[in-house]
Amino acid sequence: MPTTAETLAPSSPYPGKSLQQQVAEAIEDRALPISRLLRLMWALDADHSPANQNLRARLRARIGEPLGA
């Protein structure tokens, strides 16, 4: 079985959505635990698509934001 970012993506709180949609929604969800954000980052890093560069940068910024932001 081939390994892709889709198969590496953690179980989704957003069933039926692509990895890109999950990341975009996770960036906006201020209540999402850091562990979930890190799992999404891992899935994005596993997918070497250049199309994910912007999402990767936004997710990194979201992970690094202070809790009160």
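**The loop residue R30.** R30 sits in the loop that links α2 and α3, where helices (H or I, at least four residues) and strands (E, at least two) are DSSP runs numbered from the N terminus. This is a predicted model, in which local features need pLDDT of at least 70 and side-chain atom pairs count only at pLDDT 80 or more, while totals for chains, interfaces and linings use all residues. Residues are numbered from 1 along each chain as its sequence is written, and side-chain values use heavy atoms, with hydrogens and water left out. R30 has a relative accessible area of 42%, so it is partly exposed; buried means under 20%, exposed over 50%, and partly exposed in between (1.4 Å probe, protein chains only). Along the sequence R30 and R62 are 32 residues apart, yet their C-alpha atoms are 9.1 Å apart in space.

**The whole fold, for orientation before the other close-ups.** The protein has 4 helices and 0 strands, and reading along the sequence gives the pattern α-α-α-α. Of its 69 residues, 30% are buried. Among contacts (heavy atoms within 4.5 Å) with a separation of 6 or more, 50% are between residues 24 or more positions apart. The accessible surface is about 4400 Å², and 59% of that belongs to carbon and sulfur atoms; these areas come from the Shrake-Rupley method with a 1.4 Å probe, and for residues only the protein chains shown count as cover.

**The largest nonpolar core.** This view gathers 12 residues: L19, V23, A26, I27, L32, L37, L40, M41, A43, L44, L55 and L59. Such a core is a set of buried Ala, Val, Leu, Ile, Met, Phe, Trp, Tyr and Cys residues joined through side-chain atoms within 4.5 Å. Helices α2 (19-28), α3 (34-46) and α4 each give two or more residues to the core, and α3 supplies the largest share, 5 residues. L59 is a handy place to start looking around: leaving aside residues up to four places away in sequence, L59 touches V23, I27, L37, L40, M41 and L44.

**R56, a buried arginine in α4.** Helix α4 spans residues 53-64 and includes R56. R56 counts as buried because its relative accessibility is 8%. The side chain of R56 meets that of Q53 in a polar contact of 2.4 Å. A polar contact is a pair of N or O atoms within 3.5 Å; within protein, one must be able to donate a hydrogen and the other to accept it, and residues adjacent in sequence count only if both atoms are side-chain atoms. Further along the chain, with residues up to four places away not counted, R56 touches M41, L44, D45, D47 and S49.

Side chains of opposite charge can pair when their charged atoms come close. In this close-up, the closest N and O atoms of K17 and E25 are 2.6 Å apart. K17 is partly exposed at 31% relative accessible area, and E25 is partly exposed at 29%.

**The salt bridge between E28 and R58.** Here the closest N and O atoms are 3.6 Å apart. E28 belongs to helix α2 and R58 to helix α4, so the pair ties together parts that are 30 residues apart in sequence. With 55% relative accessible area E28 is exposed, whereas R58, at 34%, is partly exposed.

The closest N and O atoms of D45 and R60 are 3.9 Å apart. D45 lies in helix α3 and R60 in helix α4, so this pair ties together parts 15 residues apart in sequence. D45 is partly exposed, at 32% relative accessible area, and R60 is partly exposed too, at 49%. Salt bridges with shared partners join D45, R56 and R60 into one network.

Methods. A salt bridge is a side-chain nitrogen of Lys or Arg within 4 Å of a carboxyl oxygen of Asp or Glu.
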